[in-house]
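I record each item as I found it.

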Amino acid sequence: MRLIVNGRPVDADPPGHQPLLDFLRDACGLTGTKRGCDRGECGACTVLVDGEPTLSCLALAHGCDGQSVQTIEGLGDVDAPHTLQEAFVAEDAAQCGFCTPGQLMAATALLARVADPSEAEVRAALSGNLCRCGTHPKIVRAVRRAAATLRTGDAT
Amino acid sequence: MTGPNRRFVSTTVEVEGRVETRVVEVPAVTLAPWDADAALTHVGARAQRVDGLLKAAGRAPYTTDLARPGMAHAVFVRAQVPRGRITAIDTTAARAMPGVLDILLAADVPARTRLFLPDVTYAGAPVAAVCAETLAQAEAAARAVRVTIEPGEAAITPEQALAGAPVRPGLTSNQSGGAPKVRQRGDVDTALATADVVLTREVRTPCVLHSAMEPHAAVAEWSGDALTVWESTQGIFRVRDGLAKALGLPVHRVRVICEAMGGGFGAKNYAGPHTFTAAVLARRLRRPVSCVLDRAGEQIDSGNRSSTWQRITIGARRDGTLVAIDLDAIIPLGIGGWDGGPGDLFHELYACPNVRTREAFVYTNTGAMASFRAPGHAEGAVGLELTLNAIAAELGLDPLVLRERNIATRDQKQDRPYTGNRLAECYTEGARRIGWHDRAGRTVRDGRLRRGFGVAAQVWGTGGGPPSYATVRLNTDGTADVLSGTQDLGTGTRTILAQVAAESLGHRLDAVRAVIGDTATGPYSGNSWGSITVASLTPAVRMAAEEARRGLLEAAAGILDVAVDALETREGRVHVRDTDRSLAFGEVTAKLGNVMIMGQGARGPNPSGTGIVTTGAQFAEVEVDVETGVVRVVTIVAVHDAGRIVNPTLAESQLEGGIIQGLGYALFEERALDARLGLPLNVGLHDYKIPTHADIPVIDGHFLDGADPLANPVGARGIAEPAIIPTAPAIAGAVADALGVEVSELPLTPWRVLGALDGASR
Ligand code: FES
Ligand code: FES
């Protein structure tokens, strides 16, 4: 099978039942996508598949044949962070940081759909992404801050 | 540096609500405390979390992300019954499965690990570990292990345990200590007999689960006879010592590393079965082994906050002065844990001469309790505060006024003053922020959507104390490292240490880096628990940095040919006072080549004869739908006095986090147990509800300005646990206010809210 991971084509033949999460973490070494529950309950494993937020622990790698997968590593990196990532730092929207990549990927999908989300829209879009540190207020602020930056065009 | 003139003395340290006396070292140097007016640049600033971008980029190295070359994966086989004796374990089929490398049973592990004991004492106990090339293979093989257990009589409830046989071998009584723990000051019975009003209430609080997003995890790797373990932990040194003891290794052959960890909240304080399993398997297989709990394992077998039953009697005078507080409580601990109960708070939150608490800690055949953010206090606050509201109603007093009349100005537990307690200001400021005194106009007691307000207070010992050490070193380019064997749970420890070191050195913040989370590189610092890390460690960092600064000034004085005391440091430069001559730190260190400027810091003892606490008050506004029973928290206002706040942004994050966990405790969270098997019925995060984005109220978190220079030379106290204590009782009080009906059991799920209404209309 062939899929695009963070913009690069990847040819692979994972075991038929392998979840996308395991494929990304183990075969591709992309450990930014977290395993919080492995059963579709926490959102820590959220990635984008053809732009749609997807729980990678529930998706099969083979099911993504021909599709494009984006993980946190594809959003931006420490030396070239995405506007959303910068906003998360500016608003202190990561405490332990374990839920953060999932929150960011869900937020990425939201901002692709809605340029100026209300607080309620951010909350609704991210409600499947659990956070035990209670960083929610700052996550919502960060997403709206990034949206504002992206709208004014000084985004990175 | 001349030979230090050290002494060893005794001091008291409060950890997780427990007061301990310890022998400690008095450092040779005493630091002049930074008082409230000290002119500080980095300390108190809203510095960005130094590892924030690493986390936002998905690059922070969590234990669960490690992939060591050749790493194998281990998982547990768990007992499915609460009590019995293992009579057979058939591993034949499992061993033949693809990728299986090893299976550990009791006979394969050192006795001190206490792993896989033949006596099963709770459902979910590990009985074997299966190791395979991949996690999926290990999980598949674990399902093929056949365990035969001769079932025994289990005690799931405390009532069953108090009436039945010992719940585990070696116990003579299922009550910790054989009898309830009774503590009394004054004479409660006499005071109650003469009080103007006496009320008794029964309150129940649920058993709740820590539910950190990163589960417990260890990766073990041997190199010759030396063991390295990466662990998701709140205490690298405790894990190291636990491993050394269990495996019979000298401590210097065990290294424990925790670079980043995904939450602990009290559940990750020790080496656990997963740690020992990874270490033993790694030695047998001569390759690295990872052992990570799956979500079910995490929820069943990594600790919990005990449920409580509390019967509270309060006696007061007509003017609201409390004259007696009496608590009778039953606290089921599960199969282990410690006596962390609601009683402590009753002895210290309010001024009251007569207080008695009687707590029965009962072992049962269920998963063990573990410290969970403000263990005991969070539970006790629910019982005490709800009963206090009842007293206020009975006396026709505003609940806030009643509380303001009974502020504890002294540490009554140990009959000594506090270094500071500004709870009165917290009440005033919080009341102003939520509009407490004009709430009548916003309170709604009829129609479908009711609205009410609640208030609750908090006290928690946050003095920290020794031992805690740090080293500060200047590198050849003038940058600085802070080394300490602490760890950052997500609280921002790395950032705080860099801020304090930059302040003390007179350096730029971005030129200082904290190197933590490794027992091999940092001097000892204790567990990150009990809200004590800032108070325990930052004075040591300050001492180390000041010593390094003195070294730097001596070197610079030689280069500039001036006296040392003509020099000062600011933002990474050494300035000759009142001149424009200066040298960058890097220019000084470059002249030294590899001569190292280093400072050592040790935390000195706490002042004797004083209590050190963080206090605060929280106010809740809620909306209750009386048709569905759904509670929506509208606003939480929190005002706390935690001494100097080293970084307001990070402190607010932690405060909000505690409040949100408290909201879950108030409204959603409750481990439901199968009555026969004692197995949690809601082990997943879908059924065990923690708050999500949709549940979050407006949170107005505020810290009083100031510092506590009597507590320690940095003037800071802790906030992690204080944050959660008042939230649930403030919310429950607000729900009762909205309904006009008392509530007595958490969490306030819709059916409990409707039940409270039903009960009242009947
Ligand atoms: S790991 Fe996929 S939802 Fe939790
Ligand atoms: S920041 Fe820790 S779980 Fe969200």
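Basis of the entries. I note that this is a predicted model, in which local features need pLDDT of at least 70 and side-chain atom pairs count only at pLDDT 80 or more, while totals for chains, interfaces and linings use all residues. Residues are numbered from 1 along each chain as its sequence is written, chains are lettered from A and ligands numbered from 1 in the order in which they are written, and side-chain values use heavy atoms, with hydrogens and water left out. Helices (H or I, at least four residues) and strands (E, at least two) are DSSP runs, numbered from the N terminus.

Entry 1, cavities. I searched the whole structure and recorded six cavities of 30 Å³ or more. A cavity here is a set of points on a 1 Å grid over the protein atoms alone where a 1.4 Å probe fits but cannot get out, and lining residues have an atom within 4 Å of a point. Grid points are joined across faces, edges and corners, and a volume is the space filled by probe spheres set on the points. The largest cavity holds about 620 Å³. Its lining has 38 residues, and the closest to the centre are Thr491(B), Ser531(B), Gln654(B), Ile719(B) and Ala720(B). H16(B) gives the most to this lining, with four residues. I classed the lining as 15 nonpolar, 18 polar and five charged residues. For these classes, Ala, Val, Leu, Ile, Met, Phe, Trp, Tyr, Cys and Pro count as nonpolar, Asp, Glu, Lys and Arg as charged, and the others, Gly among them, as polar.

I located Arg403(B) in helix H11 (residues 399-404) of chain B. Is Arg403(B) buried or exposed? Arg403(B) counts as buried because its relative accessibility is 0%; buried means under 20% relative accessible area, exposed over 50%, and partly exposed in between (1.4 Å probe, protein chains only). Its side chain makes a polar contact with the side chain of Asn389(B) at 2.8 Å. A polar contact is a pair of N or O atoms within 3.5 Å; within protein, one must be able to donate a hydrogen and the other to accept it, and residues adjacent in sequence count only if both atoms are side-chain atoms. Beyond neighbours within four places in sequence, Arg403(B) is in contact (heavy atoms within 4.5 Å) with residues including Tyr350(B), Glu385(B) and Tyr427(B).

Asp326(B) lies in strand S16 (residues 322-334) of chain B and is buried, with a relative accessible area of 15%. I recorded a polar contact of 2.9 Å between the side chains of Asp326(B) and Arg356(B).

I placed Met596(B) in the loop between helix H15 (585-592) and strand S27 (597-602) of chain B. Met596(B) is partly exposed, at 44% relative accessible area. Leaving aside neighbours within four places in sequence, Met596(B) is in contact with Arg473(B) and Leu474(B).

In chain B, three strands form an open antiparallel sheet in the order S6-S4-S8; two strands pair if DSSP finds at least two bridges between them. The edge strands are S6 (119-120) and S8 (146-151) of chain B. In chain A, four bridges join the antiparallel strands S3 (residues 46-49) and S4 (residues 52-55).

Technical notes
1 Å grid on protein atoms, 1.4 Å probe; cavity = no way out; pocket = protein on both sides within 12 Å on 5 of 7 lines; lining within 4 Å.
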